[in-house]
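Hi,

Here is the structure I promised to pass on to you. Have a look at it first, and then read on for what turned up.

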Amino acid sequence: MRRMRAGIITSSIKRLETTHATELGKKDAAIAALNKFIDKLLIDEGLTKALMEAGVAPKFMKAAKAMLRQNAKVENEDGERRAVFETDDAGSIALEKYVKD
């Protein structure tokens, strides 16, 4: 009888561990998707703001953003995200500064 209870408990624990791992995987995937979306928004908004401040005409905005977006990334320092432009020689530069210069 004890052996049967131990088997039932062991199988229940394994089933719960499997379910838990599956649910954690789903949550991790959702978090990753949200982080990717937030990064995209930070980059797009940063580029739009920087290009507007630099005086880029609205008709060129889409093309300018497309050209610059490929070297833009988001850095996360101490829980604060910021969009930057990655350069070969100067490293990371704020989007506004790069577009302005």
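**The sheet and what surrounds it**

Strands E2 and E3 (residues 91-94) pair in the antiparallel sense, with 4 bridges between them. Strands, like helices, are DSSP runs numbered from the N terminus, with at least two residues (E) for a strand and at least four (H or I) for a helix; two strands pair if DSSP finds at least two bridges between them.

Before going further, a note on the source: this is a predicted model, in which local features need pLDDT of at least 70 and side-chain atom pairs count only at pLDDT 80 or more, while totals for chains, interfaces and linings use all residues. Residues are numbered from 1 along each chain as its sequence is written, and side-chain values use heavy atoms, leaving out hydrogens and water.

Back to the strands. The hairpin that joins E2 to E3 runs through 3 residues, and Glu86 has Ser92 as its bridge partner in E3. On the E1 side, 6 bridges join E1 to E2, again in an antiparallel arrangement. Lys73 stands opposite Val84 in E2, and Glu75 stands opposite Arg82 in E2. The hairpin of E1 and E2 has 2 residues between the strands, and Asp78 takes a positive phi near 55 degrees there.

Put together, 3 strands form an open antiparallel sheet in the order E1-E2-E3. E1 and E3 are at the edges with a single partner strand each, so one side of each has no neighbour in the sheet. From one strand to the next, the twist averages 50 degrees (axes are lines fitted to C-alpha atoms, for helices over the stretch in contact, and angles run from 0 to 180 degrees between N-to-C directions).

Glu75 is buried, with a relative accessible area of 15% (buried means under 20%, exposed over 50%, partly exposed in between, using a 1.4 Å probe and protein chains only). The side chains of Glu75 and Ser92 are joined by a polar contact of 2.5 Å (a pair of N or O atoms within 3.5 Å; within protein, one must be able to donate a hydrogen and the other to accept it, and residues adjacent in sequence count only if both atoms are side-chain atoms).

Next, the aromatic rings. A search of the whole structure finds 1 aromatic pair. The ring centres of Phe85 and Tyr98 are 3.7 Å apart and the planes are at 20 degrees, so the pair is stacked (rings of Phe, Tyr and Trp, the last by its six-membered ring, pair with centres within 6.5 Å; planes under 30 degrees apart are stacked, over 60 edge-to-face, the rest tilted). Phe85 is in strand E2 and Tyr98 in helix H3, 13 residues apart. Phe85 counts as buried at 4% relative accessibility, whereas Tyr98 is partly exposed at 33%.

Finally, the largest nonpolar core has 12 residues, including Phe85, Leu68 and Leu95 (such a core is a set of buried Ala, Val, Leu, Ile, Met, Phe, Trp, Tyr and Cys residues joined through side-chain atoms within 4.5 Å). Helices H1 (2-53), H2 (58-69) and H3 (95-100) and strand E2 (80-87) each supply at least two of its residues, and H1 gives the most, with 4.

Best wishes
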